[in-house]
Amino acid sequence: MVLSMDRWRNMVAVITGASSGMGAEIALKLLSNGVIVAGLARRTEKIRELSDNKNLHAIQCDVTKEVDVLKTFKWISDNLGPIHILVNNAGIGRITNLIDGNTEMWKEVFDTNVMGLCIATREAVKDMRAHKVDGHIVHINSICGHKVCPVPNTNVLPASKFAVTALTETLRQELNSIGSKIKISSVSPGITKSDAVNAAYMASGQESAQDFNEWLKNTPFLQPSDVADAVVYVLSTPPHVQIHELIIKPVGEIV
């Protein structure tokens, strides 16, 4: 099997949650391979800070708002060209529990990790089919999409990621049923050091992610760039090869 990103050069990739962490690293990796990147996030200034590459386009979009997603995908198609790659990276966690947890926090997680992913995927597939593009959809999943890890206060996060695992296979079956050559892949990282952890604590009314960061000191973890490399690997496969699920873990991971 020959791995190459050449087929994606000068093609358009949409990355959700591209302002930091894994999304930012994926954007930079694709740019370095000559891909035109539409980076979606609520904080577009963070995307612009990543690179002055003319192929990087920062677009404000909240994936939990369908009207934002529809408007954004139309703009991309009209102004940048047909969409060839979608990386569903946007994802959040909230620090609460199931026993007496916060309903709004649960909804935030499902609206971002599941509904936002589904809406973005639908719009990307529509665009690919309209332009007869054999594109590639990549879901950034999690090890928590395959087992419930013994980490306190994860509450509905594993359920949202188990949904991503099911949605990956469901989409594969739907694409097969219509004879489409669009590929779908799920990339499931283990513990990854990311701004998302601090964001989860701050959004949950915590002053810092100190407890989690203390735990991380004694826990092996991946870097966001490791996940970005995995995405490039998945995209580099020839048209007849589909990596359905790629689980990557840091050596020594115990969860």
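In this predicted model, Cys 61 is buried, its relative accessible area being 3%. Cys 118, by contrast, is partly exposed, with a relative accessible area of 28%. A search of the whole structure for disulfides returns zero. Cys 61 takes part in no disulfide, and the cysteine sulfur nearest to its own, that of Cys 118, is 15 Å away. A disulfide is a covalent bond that joins the sulfur atoms of two cysteines.

As regards the overall fold, the secondary structure of the chain consists of eight helices and seven strands. The radius of gyration is 17 Å, close to the 18 Å that the globule rule gives for 255 residues, and the chain is therefore as compact as a globular protein of that length. Taken along the principal axes, the box filled by the C-alpha atoms is roughly 50 × 35 × 35 Å. Of the 255 residues, 51% count as buried. Among the contacts in the chain with a separation of 6 or more, 70% are accounted for by residues 24 or more positions apart.

The accessible surface of the chain amounts to about 12,200 Å², and carbon and sulfur atoms contribute 52% of this area.

Most residues other than glycine have a negative phi. Lys 132, although not a glycine, has a positive phi of about 55°; this residue is placed in the loop between helix H4 (103-130) and strand E5 (136-140), and at 75% relative accessibility it counts as exposed. Asn 153, likewise a residue other than glycine, has a positive phi near 65°. Its place is in the loop between E5 and helix H5 (157-177), where Asn 153 is partly exposed, with a relative accessible area of 38%.

Towards the end of this account, Val 251 may be considered, a residue that lies in the segment after strand E7 (245-248). With a relative accessible area of 80%, Val 251 is exposed. Val 251 and Asn 155 are separated by 96 residues in sequence, and the distance between them in space, C-alpha to C-alpha, is 26 Å.

Note on methods. Residues numbered from 1 in each chain as written. Predicted model: local features only at pLDDT ≥ 70, side-chain atom pairs only at ≥ 80, totals over all residues. Heavy atoms only, no water. Helix = DSSP H or I, 4+ residues; strand = E, 2+ residues; numbered from the N terminus. Rg over C-alpha atoms; globule rule 2.2 N^0.38 Å. Buried < 20%, exposed > 50% of the residue type's maximum accessible area, 1.4 Å probe, protein only. Contact = heavy atoms within 4.5 Å. Areas by Shrake-Rupley, 256 points an atom, 1.4 Å probe, with all protein chains shown as cover. Disulfide = S-S within 2.5 Å.
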